[in-house]
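Subject: Structure handover

Hello,

Please find the sequence and the structure below. My notes on them follow.

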Amino acid sequence: MAGGKMKKDKPQRGSPSAASNPHFQGGISFHKSKGQHILKNPLLVDSIVQKSGIKSTDVILEIGPGTGNLTKKLLEAGKSVIAVELDPRMVLELQRRFQGTPLSNRLKVIQGDVLKCDLPYFDICVANIPYQISSPLTFKLLAHRPLFRAAVIMFQREFAMRLVAQPGDTLYCRLSVNTQLLARVSHLLKVGKNNFRPPPKVDSSVVRIEPRGPLTPVNFKEWDGLVRICFNRKNKTIGSIFRQKSVLNILEKNYRTLQALQFSEKSPSDDMEMALDVSSLGESFGDLSMDADDGNDDDDIEMDDGDTKRAEFKERVLAVLKEGKFEEKRSSKLAQADFMHLLSLFNKAGIHFS
């Protein structure tokens, strides 16, 4: 209950005390299933704050503040902190920790799900987040307006390395391409699992994300449609991918639908809504095994040329690849400019991905 004392379970005889139990801090139990891994190394906290480049005038957004170890340093560095926390026990502990201190009037705590609540204005985001919300949170932040200066976030190491991966890197994937379309991403430091209480199963990394502005003039649903297809089998040639029956079926359906609607009037705002739907780029990134080329060729059946219209459409698609010299290239080696060029060639030929 707000304002009341938090009940602390007394350790039973023969059991480890709360002080010695790595799943407890101040009588609060941490739930790994909720991604609650509290930073316990003060030197690491100081390093994160220092590398964040916080200004004394900054409004700082913190997500998942836990018991406030990072929050305290953020309050000392910036103008104010807005902390979003889902767990009511942590909210109460956070309020208690700063109650009656000079820092209390510069801390605002929002209890709720950060993925569902409307975020207020902030200059910089610094956070040690639950790893299961990494992708949707990243794209929610990148869709936030007005643009913030930077986000410095602790991620699971493999996810972090996918964010910063470059063409030709083993971990280069759809997540890399979509994130880097919207932001400059850099790796700040690697963090071992023993810096947390309780320790997670994997190491972590801190990444800096700086939104690009203004937005790249591209329809993001179209862009993601293309990138999703290309990275479904990222180590195959683009020519092989676009000869697959399943891919051609999708593209032909879009093509015929748009042909049927070409004389209908469409509001200019429709395109604007699609173009600004940045958050859609973060869909279906929950599994770190995405974009894996597992060698399963069940879907790699090429479309036969029995149907004249289908054969003509297939030739239209392949003509686009030939024009841009993409037939023998592989998604894993293509840069942002390559995907942008390929999308423009397809659109020029009347072929769309949404």
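**Cysteines**

Cys-117 is buried, at a relative accessible area of 18% (buried means under 20% relative accessible area, exposed over 50%, partly exposed in between, with a 1.4 Å probe and protein chains only). Cys-173 is buried as well, with a value of 0%. A search of the whole structure returns zero disulfides, a disulfide being a pair of cysteine sulfur atoms within 2.5 Å.

**Basis**

This is a predicted model, in which local features need pLDDT of at least 70 and side-chain atom pairs count only at pLDDT 80 or more, while totals for chains, interfaces and linings use all residues. Residues are numbered from 1 along each chain as its sequence is written, and side-chain values use heavy atoms, with hydrogens and water left out.

**The sheet**

Seven strands form an open sheet with mixed pairing, in the order β6-β5-β4-β7-β8-β11-β9. Its edge strands are β6 (107-111) and β9, each of which pairs on one side only. From one strand to the next the twist averages 20°. As for terms, helices (H or I, at least four residues) and strands (E, at least two) are DSSP runs numbered from the N terminus, and two strands pair if DSSP finds at least two bridges between them.

Strand β7 (residues 124-128) runs parallel to β8, with five bridges joining them. Within this pair, Ile-124 has Ala-150 of β8 as its bridge partner. Helix α5 (residues 157-164) packs on the sheet and touches β8, β9 and β11; contact here means heavy atoms within 4.5 Å. The direction of α5 makes about 135° with that of β8. Axes are lines fitted to C-alpha atoms, for helices over the stretch in contact, and angles run from 0 to 180 degrees between N-to-C directions.

**Strand β11**

Strand β11 (residues 204-211) is mostly covered, with seven of its eight residues buried. Strand β8 (residues 150-156) is antiparallel to β11 and joined to it by six bridges; Gln-156 stands opposite Ser-204 of β11. Strand β9 (residues 183-191) is also antiparallel to β11, through eight bridges, and His-187 has Val-207 in β11 as its bridge partner.

**Helix α4**

How many of the nine residues of helix α4 are buried? Seven are, so described because each falls under 20% relative accessible area. In α4 (residues 134-142), the buried residues are Ser-134, Ser-135, Leu-137, Thr-138, Phe-139, Leu-141 and Leu-142.

Regards
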